[in-house]
Every structure is written in structure tokens, then in C-alpha cells.
Amino acid sequence: MKRLIWNLRSLVAVLAIAAMPTGAQSPAAPATAIAPKLSEHVKSDIERHRAMAQAHEAAARCLLAGQAEAVCLKALQVACKGLAIGKYCGMRHEH
């Protein structure tokens with residue numbers, strides 16, 4: 001259980017780093033990139049991944065707020081119902 005808490009806290013750190021601004025765009029880069037044409041399957045897969053990421057972010061914030069692990073995991077299970085395989089949105093940790 002302690003390893004799961006550590007892994008969720010690591011996830012928060014990684015997400016915080018990923019959300020940091022990367023600086024100004026290079027002058028050669030256009031202000032808006034041309035988006036590739038995506039199939040409906042790929043679009044729905046993208047939305048599913050975003051929903052899973054939001055559920056895991058909420059679980060990490062729950063743990064960082066000092067809530068009991070059981071409470072945070074229960075909320076994660078509710079958020080992930082019907083979204084992915086497994087109890088925890090398809091993410092597995094080493095145990």
C-alpha cells in the first residue's frame with residue numbers, strides 16, 4: 001500500500017512537470033499546428049485516455065490532501081467505472 005501511495009505521489013510530480021510551460025515557440029514554428037485527420041476510434045481513445053488521466057490526477061490530489069488511501073482508491077474506482085480494464089483505470093503498479 002505504501003508503494004501505491006508513493007507511485008501516485010510520483011505521478012503528481014510528473015504531471016506537474018509536464019504542465020510547466022516550455023517557453024516561447026520558435027519563430028519557424030507556426031502559431032497553430034495543422035491537426036492530422038483522426039478516425040473516430042482514435043478520437044474516442046484520446047478522450048478515454050484523458051478521462052483516465054483526470055481520474056488518476058484526482059486520486060493523487062486526494063492522497064496529497066492527506067485522505068486515507070482507501071478513500072482515494074474508492075473514488076478512483078468510481079471515476080473509472082466503465083472507462084478502462086481493471087479496478088484502477090487499467091494502470092498497474094509493481095507490488
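This is a predicted model: local features need pLDDT of at least 70, side-chain atom pairs count only at pLDDT 80 or more; totals for chains, interfaces and linings use all residues.
Trainee: What span do α2 and α3 reach, against the expected value?

Mentor: The expected span of a helix is 1.5 Å times one less than its number of residues. Helix α2, residues 40–64, has 25 residues and reaches 36 Å from its first C-alpha to its last, close to the 36 Å expected. Helix α3, residues 69–80, has 12 residues and reaches 16 Å between its end C-alpha atoms, close to the 16 Å expected.

Trainee: Which residue with a positive phi comes after each of these helices?

Mentor: Gly66 follows α2, with a positive phi near 90 degrees. Just after α3, Gly82 has a positive phi of about 75 degrees.

Trainee: What share of the residues counts as buried?

Mentor: Buried means under 20% relative accessible area, exposed over 50%, and partly exposed in between (1.4 Å probe, protein chains only). Of the 95 residues of the protein, 22% are buried. In α2 the buried residues are Met52, Ala55, His56, Glu57, Ala59, Ala60, Cys62 and Leu63.

Trainee: Which residues of α3 are buried, and which are exposed on the other side?

Mentor: An α-helix has 3.6 residues a turn, so residues three or four places apart point the same way. In α3 the buried residues are Glu69, Cys72, Leu73, Leu76 and Cys80. They cover an arc of only 95 degrees around the axis (taken from the directions from the helix axis to the C-beta atoms), which puts them on the same side of α3. Ala70, Lys74 and Val78 are exposed on the other side of α3.

Trainee: Which residues make up the largest nonpolar core?

Mentor: A nonpolar core is a set of buried Ala, Val, Leu, Ile, Met, Phe, Trp, Tyr and Cys residues joined through side-chain atoms within 4.5 Å. The largest one has 8 residues: Met52, Ala55, Ala59, Leu73, Leu76, Cys80, Leu83 and Cys89. Helices α2 and α3 each supply at least two residues of this core.

Trainee: What does Ala55 touch?

Mentor: Contact means heavy atoms within 4.5 Å. Not counting residues up to four places away in sequence, Ala55 touches Leu76, Ala79, Cys80 and Cys89. Ala55 is buried because its relative accessible area is 8%. With the same exclusion of residues up to four places away, Leu83 touches Arg48, Ala51, Met52 and Cys89. For the protein, residues 24 or more positions apart account for 65% of the contacts with a separation of 6 or more.

Trainee: How many disulfides are there, and what is the pairing?

Mentor: A disulfide is a pair of cysteine sulfur atoms within 2.5 Å. By this rule there are 2 disulfides. With the bonded cysteines numbered in sequence order, the pairing is 1-2, 3-4.

Trainee: How far apart are the sulfur atoms of Cys62 and Cys72, and why is their disulfide left-handed?

Mentor: The sulfur atoms of Cys62 and Cys72 are 2.1 Å apart. The torsion about their S-S bond is about -85 degrees, so the disulfide is left-handed. Cys62 lies in α2 and Cys72 in α3, so the pair ties together parts that are 10 residues apart in sequence. Cys62 is buried at 18% relative accessibility, and Cys72 is buried at 2%. Leaving aside neighbours within four places in sequence, Cys72 is in contact with Ala59, Cys62, Leu63 and Gln67.

Trainee: What is the S to S distance in the link of Cys80 to Cys89?

Mentor: For Cys80 and Cys89, the S to S distance is 1.6 Å. This link is left-handed, with -100 degrees about the S-S bond. Cys80 has a relative accessible area of 4% and is buried, and Cys89 is buried at 2% relative accessibility.

Key: Residues are numbered from 1 along each chain as its sequence is written. Side-chain values use heavy atoms; hydrogens and water are left out. Helices (H or I, at least four residues) and strands (E, at least two) are DSSP runs, numbered from the N terminus.
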